[in-house]
Amino acid sequence: MNKKSVEEETRKIEEEDLSSAVQATGPLDSGMAAASATDGVAATALRSVLHRIQHAAERSGRRSDQVRLVAVSKTKPVSLVKQVYDAGHRSFGENYVQELVDKAPQMRCLYCFRLAKLQLPDDIEWHFIGNLQSNKVKPLLTGVPNLAMVETVDDEKIANQLNRVAGNIGRKPLKVFIQVNTSGEETKSGVEPDGCLELVKHVTSNCPNLEFCGLMTIGMPDYTSTPENFKTLARCRSEVCKALEISEDQCELSMGMSGDFELAVEMGSTNVRVGSTIFGAREYPKKQTN
């Protein structure tokens, strides 16, 4: 076989392997074509949300830089997330461990240097905002080196597991929020308000590899009781700060989503989680029927 034939054959093998590797990444790049049709829309929506946060903060006598916007990219392709990243945003959130691991930068295969365009830059600050099971803690912490925070610690078991894995892999202390169920809905995760302080004390006293940063809640889905939910979380913060002898500035409030983030900011939120208002309606794969 001559040199030219060898080069052609090598190229064919590489292309076949790369194609297989891309397919193996699953939904990472699915929707690329659809996302390209909306280029610019997500970035424009981001600026609109930031503008609305600024005005809400001003109405509450605060600066907009005292409120963090977590852009929730659940079910959205990397290409659309990258558009928001290119607009200058760095805080993103995901609800599912596997989806976050798939999007985070990591060395996964021989051709990772050619697949890098399918993943996101490592200066993104990822927030995990979904329900977290103990058996998913290790894949999350090892698979997402730039994980900035877990916002959904709701019992001692998950706190202990996060603390154990963070210590075993030698990462810096992981920032966490304690999730509080302020609406009383049985379908929602979160510690009850009267158990919030006890869980916070457990984290601060027994979990040296975790850094307690604040409280998180999800309001009622129809927003009818949102003010009460937010007031409940604020009361929990007051109790925690008094017991720990810290200022309220040292205990963040993560509350507010697409339908109520402005009200949340007006009521003291320092961290809002906005998805569909930036990225559009979520796209779930259709269930296949046998």
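# Reading helix packing and a buried strand

Mentor: Among contacts in the chain between residues at least 6 apart in sequence, 68% join residues at least 24 apart. The model is a predicted one.

Trainee: How many helices and strands does the secondary structure of the chain come to, and what percentage of the residues count as buried?

Mentor: There are 12 helices and eight strands. Of the chain's 290 residues, 48% count as buried.

Trainee: What describes two packed helices?

Mentor: Two packed helices are described by the angle between their axes and the distance between the axes. Take helix 9 (residues 196–206) and helix 10 (residues 226–244): the angle is about 45°, and the axes are 10 Å apart. That angle makes helix 9 oblique to helix 10. The crossing of helix 9 past helix 10 is right-handed.

Trainee: Which residues make the contact of helix 9 and helix 10?

Mentor: Helix 9 contributes Cys-196, Leu-197, Val-200, Lys-201 and Thr-204, while helix 10 contributes Cys-236, Glu-239, Val-240, Ala-243 and Leu-244. By class, this contact of helix 9 with helix 10 has seven nonpolar, one polar and two charged residues.

Trainee: Why do residues three or four places apart in an α-helix point the same way?

Mentor: An α-helix has 3.6 residues a turn, so residues at that spacing point the same way.

Trainee: At what angle do the axes of helix 3 and helix 4 cross, and within what distance do they come?

Mentor: The axes of helix 3 (residues 41–59) and helix 4 (residues 78–86) cross at roughly 45° and come within 8 Å. The two helices are therefore oblique to each other. Helix 3 passes helix 4 in a right-handed crossing. In the contact, Val-41, Ala-42, Ala-43 and Leu-46 of helix 3 meet Leu-80, Gln-83 and Val-84 of helix 4. These residues divide into six nonpolar, one polar and no charged.

Trainee: Turning to strands, how many residues of strand 6 are buried, and in what sense do strand 5 and strand 6 pair?

Mentor: In strand 6 (residues 210–216), six of the seven residues are buried, so the strand is largely enclosed by the rest of the structure. Strand 5 (residues 174–179) pairs with strand 6 in the parallel sense, over six bridges. Opposite Leu-174 stands Leu-210 in strand 6.

Technical notes:
Residues are numbered from 1 along each chain as its sequence is written. This is a predicted model: local features need pLDDT of at least 70, side-chain atom pairs count only at pLDDT 80 or more; totals for chains, interfaces and linings use all residues. Side-chain values use heavy atoms; hydrogens and water are left out. Axes are lines fitted to C-alpha atoms, for helices over the stretch in contact, and angles run from 0 to 180 degrees between N-to-C directions. Helices (H or I, at least four residues) and strands (E, at least two) are DSSP runs, numbered from the N terminus. Angles under 35 degrees count as roughly parallel, over 145 as roughly antiparallel, 65 to 115 as roughly perpendicular and the rest as oblique. A crossing is left-handed if the near helix is turned anticlockwise from the far one by less than a right angle, and right-handed if clockwise. Contact means heavy atoms within 4.5 Å. Ala, Val, Leu, Ile, Met, Phe, Trp, Tyr, Cys and Pro count as nonpolar, Asp, Glu, Lys and Arg as charged, and the others, Gly among them, as polar. Buried means under 20% relative accessible area, exposed over 50%, partly exposed in between (1.4 Å probe, protein chains only). Two strands pair if DSSP finds at least two bridges between them.
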